[in-house]
Amino acid sequence: MKNSSEKEIKNMVRERYEQVALQDKKANAASCCGTTDSSTEVYNIMSEKYDNLNGYNSDADLGLGCGLPTQFAQIQKGNTVLDLGSGAGNDCFVARAETGSEGKVIGVDFSPTMLKKARQNADNLGYNNVEFREGDIENMPVSDNSVDVVVSNCVLNLVPNKKAVFSEIYRVLKNDGHFSISDIVLLGDLPTALQKDAEMYAGCVSGAIQKEEYLNFIKEVGFENITLQKEKTIFIPDDILQKYLSKKEIEELRNGETGIFSITVFAQKNPTQSPKQTLQKEATCCPPNSGCC
């Protein structure tokens with residue numbers, strides 16, 4: 001996949017997520033973001049349960065997330081919230097419960113099928129302050145300095161130019177606005193077979209980058225108060241990995257220093273009310289599997 005052009009990668013991801021939009025939640029949650037064969041070993045490989053969150057709508061939950069960014073996003077009544085890669089609308093509807101009828105929620109997605117599902121769900125719920133726009137999150141159809149909060153759930157890892165997305169997030173946020181994003185990152189290098197496979201790119205794994213590089217992009221764009229809100233290990237079952245790796249390679253992956261993690265990260269644009277903080281290390285806040293913060 002590293003030798004593929006950005007356009008080819010985007011087209012491949014779009015095609016796969018057009019298909020994913022038509023699958024049921026169980027198939028999506030038991031695979032890698034709905035794009036690989038389902039595992040018989042583990043259910044809910046990446047996704048987390050939304051059931052207890054206000055605004056949750058089961059029809060909009062396709063089981064494609066790797067975190068609960070809206071739970072950590074500090075959304076206030078009346079805020080304008082932007083969801084990147086909004087899918088069938090799940091995080092938008094949870095955000096709408098926080099911002100209220102006086103606020104506004106915008107979802108951006110590049111899959112026409114996903115957008116159709118999301119708009120139908122919004123109509124069914126009678127929400128007239130939730131809007132879904134077709135677009136590329138590397139070049140968002142959103143005005144400068146117009147959004148209070150940005151959320152996203154397991155989407156940026158699918159995008160070839162992640163720094164461009166963070167630059168766009170910075171552009172659309174108001175001063176003192178912030179984001180809370182859940183995504184997949186790596187520690188150590190994945191086996192070559194996983195890195196090159198198109199299915200695993202769309203499956204949220206081979207498109208992931210090193211955790212340090214991911215956090216550095218956020219800092220380089222100009223964000224402050226960068227904080228890890230949650231981190232957990234992602235375990236990909238053997239019955240999925242064996243499609244790409246030998247038994248020996250799977251053992252080496254399990255016993256090596258490579259890790260696949262879901263992180264939820266927070267950062268602010270030009271904060272005016274909080275002192276500038278250094279990046280919190282997970283050892284002091286959220287060690288893997290702790291579920292803290």
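Helices (H or I, at least four residues) and strands (E, at least two) are DSSP runs, numbered from the N terminus. The model is predicted: local features need pLDDT of at least 70, side-chain atom pairs count only at pLDDT 80 or more, and totals for chains, interfaces and linings use all residues. Residues are numbered from 1 along each chain as its sequence is written, and side-chain values use heavy atoms, with hydrogens and water left out.

**Exercise 1.** Locate Val130 and state whether Val130 is buried or exposed.

Solution. Step one: Val130 belongs to strand 3, residues 130-134. Step two: the terms are buried for under 20% relative accessible area, exposed for over 50%, and partly exposed in between (1.4 Å probe, protein chains only). Step three: with a relative accessible area of 9%, Val130 is buried. Step four: contact means heavy atoms within 4.5 Å. Not counting residues up to four places away in sequence, Val130 touches Cys92, Phe93, Arg96 and Val105. Phe93 is 37 residues from Val130 in sequence, yet their C-alpha atoms are 7.8 Å apart.

**Exercise 2.** Trace how strands 1, 2 and 3 are joined.

Solution. Step one: two strands pair if DSSP finds at least two bridges between them. Step two: strand 1 (residues 80-84) pairs with strand 2 in the parallel sense over 5 bridges, and Thr80 stands opposite Lys104 in strand 2. From strand 1 the chain passes through helix 4 (residues 90-99) to strand 2, in a right-handed β-α-β crossover. Right-handed here means that, with the strands pointing away from the viewer, the path from the first strand over the helix to the second runs clockwise. Step three: strand 2 and strand 3 also pair in the parallel sense, over 5 bridges, with Glu131 in strand 3 as the bridge partner of Ile106. The chain goes from strand 2 through helix 5 (residues 112-125) to strand 3, and this β-α-β crossover is right-handed.
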